[in-house]
Amino acid sequence: MSLLNISCKQATYLISKKEQRKIGLFDRLTLRLHLGICSLCRRFEKQTGFIIKQAKHTHTEEKLSEEVKEKIVGSISKL
Ligand SMILES: [Zn+2]
């Protein structure tokens with residue numbers, strides 16, 4: 001089962017990949033399993049989704065959104 005047991009760092013990476021629609025079925029499954037047990041990453045997923053939505057809505061602030069996203073990934077990776 002260790003194959004499905006991913007770290008928060010991997011999970012946040014998969015979440016950003018998922019937002020860019022670059023995630024495979026297996027990654028999707030492992031991410032789902034991790035989100036089932038980790039509230040931190042669930043919160044990160046919500047925030048990322050919100051940021052992506054905002055970026056799509058405004059179109060112009062995409063660079064800033066990337067920076068914000070990386071900041072969030074960085075802060076979670078340090079935990
Ligand atoms: Zn996690």
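Colleague: What should I know before reading it?

Modeller: It's a predicted model, where local features need pLDDT of at least 70 and side-chain atom pairs count only at pLDDT 80 or more, while totals for chains, interfaces and linings use all residues. Residues are numbered from 1 along each chain as its sequence is written.

Colleague: How confident is the predictor, and where is confidence lowest and highest?

Modeller: pLDDT is the predictor's confidence in each residue, from 0 to 100. The protein chain averages 83, and 85% of the residues score at least 70. Confidence is lowest in helix 4 (residues 62-77), with a mean of 75, and highest in helix 2 (residues 25-37), at 94. Where pLDDT is low, the predicted coordinates should not be read in detail.

Colleague: How many helices and strands are there?

Modeller: Four helices and zero strands, so the order from the N terminus is α-α-α-α. Both kinds of element are DSSP runs, numbered from the N terminus: helices are H or I with at least four residues, strands are E with at least two.

Colleague: Why is Arg21 called exposed?

Modeller: We count other C-beta atoms, placed from the backbone, within 10 Å of the residue's own: 20 or more is buried, 12 or fewer is exposed, and in between is partly exposed. Arg21 has 6, so it is exposed. Arg21 sits in the loop between helix 1 and helix 2, and has a positive phi of about 60° although it is not a glycine.

Colleague: What makes Lys18 partly exposed?

Modeller: Lys18, in helix 1, has 17 C-beta neighbours inside 10 Å, so it counts as partly exposed. Leaving aside neighbours within four places in sequence, Lys18 is in contact with Ile23 and Leu31; contact means C-beta atoms, placed from the backbone, within 7 Å.

Colleague: What makes up the largest nonpolar core?

Modeller: Six residues: Ala11, Leu14, Ile15, Leu31, Cys41 and Phe44. A nonpolar core is a set of buried Ala, Val, Leu, Ile, Met, Phe, Trp, Tyr and Cys residues joined through C-beta atoms within 7 Å. Across the chain of 79 residues, 15% count as buried.

Colleague: Why are helix 1 and helix 2 called oblique?

Modeller: Their axes come within 10 Å and cross at roughly 125°. Under 35 degrees is roughly parallel, over 145 roughly antiparallel, 65 to 115 roughly perpendicular, and the rest oblique. Helix 1 and helix 2 are therefore oblique to each other. The axes are lines fitted to C-alpha atoms, for helices over the stretch in contact, with angles from 0 to 180 degrees between N-to-C directions.

Colleague: Which residues meet there?

Modeller: Ala11, Leu14, Ile15 and Lys18 in helix 1 meet Asp27, Leu31 and His34 in helix 2.

Terms used: Contact = placed C-beta atoms within 7 Å.
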